[in-house]
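Please open the structure in the viewer and keep the selection tool at hand.

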Amino acid sequence: MTRSHVLGDSATMLRRSLLHMRRYPSLTLFVAGIPIVVLLLFVYVFGGTLGAGLGEVAGGRAEYLSYVVPGILLVTVAGAAQGTAITVAMDMTEGIIARFRTMAISRAAVLTGHVIGAVIQTMLAVVVVSIVALAIGFRPTTSPVAWLAAFALLGLTAVALSCLSVALGMMTKSVETASNLPMPLMLLPFLGSGFVPTRTMPDALRLFANNQPFTPIIETLRGLLDGSPIAGSGVLAIAWCLGISLVGFLLALRLYERLPER
Amino acid sequence: MIGSNRPAISVRGLRKSFGPLVVLDGIDLDVAEGTVFALLGPNGAGKTTTVQVLSTLLSADAGQIRVGGRDVAREADAVRHAIGVTGQFSAVDGLLTGMENLRLMADLWHLGRADGRRRIDQLLERFDLVDAAKKPVSTYSGGMRRRLDLAMTLVGEPRIIFLDEPTAGLDPRSRRVMWQLIRDLVARGVTIFLTTQYLEEADELARRIAVLDHGRIVAEGTPEELKRLVPGGHIRLEFGDHDTLDRADRTLPGSVRDDETLSLQVPSDGGVRALRSLLADLDRASIDVHGLSVRTPDLDDVFLSLTGSHDTDKAVPR
Ligand SMILES: Nc1ncnc2c1ncn2[C@@H]1O[C@H](COP(=O)(O)OP(=O)(O)OP(=O)(O)O)[C@@H](O)[C@H]1O
Ligand SMILES: [Mg+2]
C-alpha cells in the first residue's frame, strides 16, 4: 500500500461522504438549526438577566451576546459531532462496508473520509450560525487575523470531535445509542465557561468546569473574538484538540478492524 | 487456465467458533483454477462463515488457508488484490446511484479515468443496468441490486470470485441470467467459489461440489460422484398383463414388482449401458414392454440423505 493510495483512497471516501451529504442535506440543516435556536433562546429570553450578572462591566443583552457566541459556536461543533456519530453508525450497518473490507483499501481511508466529511459539515454549520449571530448584532472587536485564528481553532475542535464521534459511531450497535452517546458533548459548554462565568458555580462544579477541555477552547475563542486575555488557554486548547483527535482516530481504527461481519 | 494444477483456493483444517458455538469444525477443500466450486448446505451450515474467512473478513481459529497462492492471515492485502466478493447480503451503497457505486469501485481499484469509464459502461451494458444507472440504488428491485452487486465485484477484474448465495431471492428468469453471467466468467478463466442451497444450481454450474453440514464437509466430488453416493436410482418397466409381469420378474432377479400397476422396479444407476443390457435381456426372453421410465437419484436425494433433518439452524455447541 503506497502512500499515494492512502491519500487517493481517502479522497475517494471523502467524495462518497460528500455525495451522501449533498443527497440528504436534512442532517446538515438540523445540525445548524439546534445551535441557532439555543442562541436565540439565550440571547432574547435569558440574555437581559444573564448579561447583568456578567460582572466587571455591568452589561445587558448586547454584552451577553458577545459573551455567549463562543459557547454557541462550540455547541454547534458538539451538535455536529452527534450527527456524525449517527451517520457513521448507520453507515457501518451498510453492506458496502463489508465490501470495502474485502478490498485492498487502506484501512484508514474509510475513517478519514468520514472525519473530513464531518469536519466540512461542521464548518458549514459554524458559518451559518456565525452569520445568524452577526445578523442579530454580534460584532467581534478584534482583527481579521484573530477571526481567522478563531475559525481555525473551531476547525481543529471539529477535527477532534469528529474523530471522537466517528469512534463513538462505530462503537454502538444501534443508531439510537449512537445519537445518545455524544450527548454529554453538547452539555460540556454549559458545564464550563460557555454560558456564564465559572466563578458563580459551586466549588466541585467549578473545579470541573475550569479543567474540562471545552473551557480553554471557549476562553481562547472569546479572546480571539473580543480581545479578552487568553493567557495559557491557547496552548491548552490546542493540546486538548490534538489529544482527543489522536485518541479518537486510533480508537476508530481499532474498532474498524474488529467490526462484526455483517 | 483450465488444466492448471495450482489450486486457486486451498483450505486445510479450517476451524471457527463464535464463543461456545463451533461453526466450522475442520474443513479441507481445494478449488482448481478456472473452475466453479459449489459449497452446498442447509441454513446455518456455515457457508457464509466459510466465505467470510476465505475473503479475509473473518480470521480463522485454526487452519491453513491460501487464496490465489497467498495466505489469508499473513498476506491479507495480496489476497484482497486477487479476489472479488458478492456476499449474501447486499453490498452496495444504497444512497448512491448505480453509476456512482461502480465509479466508487473503479476509483478504489485505481483505474484511470478513461479505463474506469470504459469498464463501467461495459458492465452497465452487460448487466442490463444502463437505464437505471443514474437512479439511486434504493429504488432498485432485488434482481437489479443483485446484478449491480456482482457488477461492482467485477470492476477490478478479480481472478477469484466468491459468490454467497448469488441467486437467493431471484425469480427463475433472473436466476438463469445470473447463471449465464457466471458461466461467462468461467469461460474467461475466472475461478468461482459459490455457495447455494439450490441443488439444481450446484448441478448446473459446478465442476465440484462439497456438502457442508454442521460445520463439516460430509461429501465432496463431481455432481455425478455425489449422485452415485445415494441409492434410489431405478428403471421402471410397465407390462400389459400379469403373465408378462411374472416372466419379467423371473428374468430380472432383485427387482420389485407391483401387481396393481403391472410394473417392475429394477435397481440401476440409470446409465445408458445399464439400460441397453436390460433391454437386451428382455429381448432375449421375448418380453414385451409397454412403458419404461428412468429415475436417477438427483442431488436432492443426496442432500436429504447427507444432511439429515433440515430444521437445524444452529451449529453444534461444544
Ligand atoms: N458473528 C457471529 N456471531 C455468532 N454466531 C454467528 C455469527 N455468524 C454466524 N454465526 C452462527 O454460525 C452459524 C453458521 O452461520 P452461517 O451464516 O455461516 O450459515 P450459512 O450456511 O451461511 O446459513 P444461511 O444459509 O442461512 O445463510 C449459525 O448458527 C450462525 O448463527
Ligand atoms: Mg449464509
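Predicted model: local features only at pLDDT ≥ 70, side-chain atom pairs only at ≥ 80, totals over all residues.

**Chain A as a whole.** Along the principal axes, its C-alpha atoms fill a box of roughly 65 × 35 × 35 Å. Of the contacts in chain A with a separation of 6 or more, 80% link residues 24 or more positions apart.

**The surface.** Display the accessible surface of chain A, about 11700 Å², of which carbon and sulfur atoms hold 72%. Of the 262 residues, 52% count as buried. Next, select Leu40(A), Leu41(A), Tyr44(A), Val45(A) and Phe46(A), which make a nonpolar surface patch of about 430 Å². Phe46(A) belongs to helix H2 (residues 26-52) of chain A. Because its relative accessibility is 35%, Phe46(A) counts as partly exposed.

**The cores.** Which residues have the most contacts inside the largest nonpolar core? Select Phe100(A), Met170(A), Met105(B) and Ile192(B), which hold that place in a core of 114 residues. Helix H3 (residues 61-92) of chain A gives the most to this core, with 14 residues. A second, separate core has 27 residues, including Val23(B), Leu29(B), Val79(B) and Ile83(B).

**Last selection.** Centre on Met105(B). Beyond its neighbours within four places in sequence, Met105(B) is in contact with Ile96(A), Arg99(A), Phe100(A) and Met103(A), as well as Met152(B) and Val155(B).

Terms used:
Residues numbered from 1 in each chain as written. Chains lettered and ligands numbered in written order. Heavy atoms only, no water. Patch = residues over 30% accessible without salt bridge, like charges linked within 9 Å, V, L, I, M, F, W, Y side chains within 5 Å. Areas by Shrake-Rupley, 256 points an atom, 1.4 Å probe, with all protein chains shown as cover. Salt bridge = Lys/Arg side-chain N within 4 Å of Asp/Glu carboxyl O. Helix = DSSP H or I, 4+ residues; strand = E, 2+ residues; numbered from the N terminus. Buried < 20%, exposed > 50% of the residue type's maximum accessible area, 1.4 Å probe, protein only. Core = buried A, V, L, I, M, F, W, Y, C linked by side-chain atoms within 4.5 Å. Contact = heavy atoms within 4.5 Å.
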